[in-house]
Every structure is written in structure tokens, then in C-alpha cells.
Amino acid sequence: MTAATKASHGIVTAPHHLAAEAGVSVLRDGGNAVEASVATAAVLSVVYPHMTAIGGDGFWLIREPDGHVHAVHGCGGAAARADLALYDGLEAVPARGPLAANTVPGTISAWAAALGTGGGKLSLERLLLSAIHYAEKGVPVTAGGAAIAAGKGYELRLQPGAYRSVFEPSGRPLAKGDILCNLALAQTFRTLAADGLDSFYRGGLAARIAEDLAALGSPISASDLAAHEATRPQPLTARIKGARLFNTAPPTQGFASLLILALFDRLGVDAPDGFAHVHGLVEATKQAFLLRDLHVGDPGHTRFDFQGLLRDPDAVDALAARIEPDKALPWPQPPQWGDTCWFGAADSEGRVVSAIQSTYFEFGSGLVLPQTGIIIQNRGSSFRLARSGWNALKPGRKPFHTLNPALAAFDDGRVMAYGTMGGEGQPQTQAALFSRYARFDVDLQQAISAPRWLLGRTWGEVTTSLKLEEGFSEALYAELAEAGHDLQRVGPLTQMMGHAGAVVRLTDGTFEGASDPRSDGAVAAW
């Protein structure tokens, strides 16, 4: 295995190498980590459209040079017209199409809010330069993108809008290596650069977005766009041995990600990738997910004190005591979807960014807006068509989000940003890579490249079994099965396990970073 990439001035990691390179070029031009992350995010929306788009949502954690950590939530609520009457006669919100496009995209508002706090010096035109270039001149389609387009094309090409003209310009799905262009999206980025990011929600660009949404049958209106603002809730935090962890508050599952590591911290595991490590994290995941599925959603619709539990050692101890050291808790819990891009950056001033954005399913709702080239998310398809209760559809309500960016501040002065795509797998992959690196001193790249596991479903998998990649010891598979885990071996490294990444600002002011061999990503170092 290769070792982590080193840098002396700044570092960016992303699941596509062109996005990482765009981010580090901003650092070289005098930009900071927030500005580099916006450039990275913009390019990802062009080169990885099956995973993310500016028509989705995004969440950011930013650690400032003075040590302050704050969050930005670019998460849109359900449209004013998105009520039960709109879905009368349906058992569920459709996964694709106009009725799936029922929440306001928040990604651009998150960029604007993050830039507003970063003290950056570069223009929007500079930050969006690479995204405009790749959208206009084209970019080779990745193997993963081609596979998704081929496998899902039958349902995506049926949707109204510009999907076929952008992604099947020759009457067939684009194959690996074919050149993908999105001229309308290039023009959208030019408009954002000229008129400001707020133009996505108010002004001429917003009017074109709303006009297309109405023509295609989405309930999102110009009024819904104009009413949207990013929010800045306090990050959730948990204290473990040697570090303070941070993640995003509801409606994200950041609470679960923190609780898994807080529970594992109490188990006394002393070596990586053996039975105690894998079993311990899987069982901690189950305990965290049980609470997540009861309480996490729009924070306006719950009274549960997430931070209160995380800071209460007795409560966490009690949950950890439920974990049996040699026996698996039966696990029939329903899973969550999620196709996503996590990216991270760190600069020489001490700023570290952990950010994630998504359209939910691959290509979101399948709606590609003809005038702007924007792919619109289907995050609101997760709403329940019920009058009350968890994640019930209501106008203005924010849906449950699997998205959650992670950050850790170590007692020795290191700062780590890390994350992954992968729905249910996000907290699990975070726990795997963090525990390997932070608890067992595994090299950062090896912590990501090593075999992983997944309890439940992600990226098209519908079972709730415990899936393990090949590469662990044979004894581990046998021990897990003997303990009662519903084990499924899934072969060598697979995208099922997510696209993870991490950057660390070291105590001497230098950097290291890692990307996932399961992705098309890279670390760009300066």
C-alpha cells in the first residue's frame, strides 16, 4: 500500500482528481481552504454528476486558525406546495421525476455562507474557473459514472427535462472515456460568477430555475427559492481519548457518527482489524443507529437533546454496556440510501474544511433543467406520506440527511478532516478510518485503502447483512459468523464501501492527505 501524501503549504482531497487539482490551484493562487473547497465542489458537480450537483444539498465543518469550529448547513426544506394533497393516491413519494424534486437545493447557499466567514481574497470568477472550463470543454466520463448511466438510464431517460440531451447526446448512455459537456451548466456558473451566488435563489438565474421546475412539474417555486437561506447550527461534539470530535447536527446523521466513536472508545480495543475492532464498531453502530432512527430529522420536529447525551459520560457508558463483546445484536433495521461526494482541504493559516454534498440518489430526481443544466436532487423522496411522526412530509420541513462531514482536533495539535459517501456506510467508514489512524497509528492512506465493512445498505445494496471486503484474516470472517453476524463477503475493494478521504494538519504546520482507491480521486498537495 502507498503511504499518505505529504504537503508543506496546503492540501486538498476529493473523489475525482480534477476536483482536487482545481482546489489546490486556488491555494497556490493565494486562496484559503474554504475557497479551495468551493472550487473543488464546483468541479465535482461537473465531473462527478452521478454523485453530486449544485441542485443538491451540502454541509460544511470549518475549523478556523484560532481553533473555533463552526458549521454551515445548505439544506433546503420541502416546497410550500409539497403537502399530502399533492401526493394523494400515492403510497410513497416517487424516487424519480418531478414529484421527487420537492425540496429547495441548498448547496449554493452553503458555498455563499462558508465564503462569508473565510476572509478570502479571490473572486468568484476565479473559484469557478475550472468548473466552467470542464463543463464547456468537456471531461472524460469515469467508469463509475458510465456504469450508473448504463444501469439507471432506463429510468432516467424517461424523466422530463434535459437528461437525454446532456447524458445521452448520441442516443445512448455515455461510456467510459466519452466526453461529457454541459454547456448550459457552464453558463450557469458564469452567471453565478458575474451576479453572485445569491442569484441562484433571487434574480434572473433563479427565475430561469423556477420556470424550468414549473414546466417540468416540480412543486418548487420561485417563492420557495427566494425564502431559502443556509443555516449555522452549532456543531455536535464528543470527547474521546486524545481528541475532540466534531460533526454536524440534525437533520444529518452526524450524531450517530460521533456516538459510534464515543461508544467504541469505551471498549478497550488494542489492535486494528481483528474481531474486537470490527465487532466492536459494528455493535456500536447498531446502538447509535437505533437512537438515530428514533430521533434524527428536522431539528424543528424533535426535542431530543443530542449534545446532552454526547456530553453525559454516564449515558454513553450505559449504551456501551449494551454491547456484548462476543455476540451480535440481531439487525433487521431498514437502511438509508445516499450517493454523495465528501471533500476536504487545509491551508497554511491553520484553516481546515470538511464538506459533503449530494443529490441523494445517483443523478438525483433525474430532472436536468434545460435552461441551466442543473441536476435537481430527490432528497425529499425520503419523506413519509404521513400526517405526523418521524420524517413526515410537511411544507418547509427538512428531510433526514445521511450526509455528515467529520472533523477531529487532537490533543497534540493535529487537526483532521475526514468523510465519505455511502448512505448508511458514512458513519461506519468514518469510524473505520478514524480508529485505524487515531487509535492504532495506521498510516492515513492505509487506513482508507485497507478492507472495510458495511452493516446494511448503500449504493444500491438492499440487504441488511454485514458485508466485508476480502483482505481481512480468514479467522476474522469465521469469528464474526460464530458471534452471530449475518455475514456476506463481497469480494475485493468495491465502491459499495464508499469513497473516503482525509486530510490532516500536522503539529509542525505541514499536511498529509489520503484518497480512496475505490474512487477516481486523488490528493493534490502543495
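This note goes through several parts of the structure above, which is a predicted model.

1. The sheet. Three strands make up an open sheet in the order S13-S14-S15, and their pairing is mixed. Strand S13 (453-455) and strand S15 (487-489) are the edge strands, each having a single partner strand, so one side of each has no neighbour in the sheet. From one strand to the next, the twist averages 20°. Between S13 and strand S14 (residues 466-468) the pairing is antiparallel and runs over three bridges, and within this part of the sheet Leu-455 stands opposite Leu-466 in S14.

2. Helices against the sheet. Helix H12 (residues 275-295) packs on the sheet, where it touches S13 and S14, and its direction makes about 30° with that of S13. Helix H17 (residues 474-482), for its part, lies across S14 and S15 and runs at about 150° to S15.

3. The nonpolar cores. The largest nonpolar core holds 89 residues, and the members that touch the most other members are Trp-60, Trp-111 and Phe-189. Helix H2 (residues 33-47) gives the largest share of this core, namely 11 residues. There is also a second, separate core of 65 residues, and among its members are Ala-249, Leu-263, Leu-291 and Phe-410.

4. Helix H3. Which residues of H3 are buried? They are Thr-107, Ile-108, Ser-109, Ala-110, Trp-111, Ala-113, Ala-114 and Gly-118, and the elements that cover them include H2, strand S3 (57-63), strand S4 (69-74), H8 and strand S10 (352-360). The helix itself (residues 107-118) has 12 residues and reaches 17 Å from its first C-alpha to its last, which is close to the 16 Å expected at 1.5 Å a residue. Just after H3 comes Gly-119, which takes a positive phi of about 65°.

5. Thr-188. This residue belongs to helix H8 (residues 183-195). Is Thr-188 buried or exposed? Its relative accessible area is 2%, and because buried means under 20%, Thr-188 is buried. When residues up to four places away in sequence are not counted, Thr-188 touches Ile-54, Leu-205, Thr-372 and Ile-374.

6. Leu-213. Helix H9 (residues 204-216) contains Leu-213, which counts as buried at 1% relative accessibility. If its neighbours within four places in sequence are left aside, Leu-213 is in contact with Ser-218, Ile-220, Leu-369 and Ile-376.

7. The cysteines. How many disulfides does the structure hold? The number is zero. Cys-181 is in no disulfide, and the nearest cysteine sulfur to its own, that of Cys-341, is 19 Å away. For Cys-341 the closest cysteine sulfur is in Cys-75, at 17 Å, and this is too far for a bond, because a disulfide needs sulfur atoms within 2.5 Å.

Methods: Residues are numbered from 1 along each chain as its sequence is written. This is a predicted model: local features need pLDDT of at least 70, side-chain atom pairs count only at pLDDT 80 or more; totals for chains, interfaces and linings use all residues. Side-chain values use heavy atoms; hydrogens and water are left out. Two strands pair if DSSP finds at least two bridges between them. Helices (H or I, at least four residues) and strands (E, at least two) are DSSP runs, numbered from the N terminus. Axes are lines fitted to C-alpha atoms, for helices over the stretch in contact, and angles run from 0 to 180 degrees between N-to-C directions. Contact means heavy atoms within 4.5 Å. Buried means under 20% relative accessible area, exposed over 50%, partly exposed in between (1.4 Å probe, protein chains only). A nonpolar core is a set of buried Ala, Val, Leu, Ile, Met, Phe, Trp, Tyr and Cys residues joined through side-chain atoms within 4.5 Å. The expected span of a helix is 1.5 Å times one less than its number of residues.
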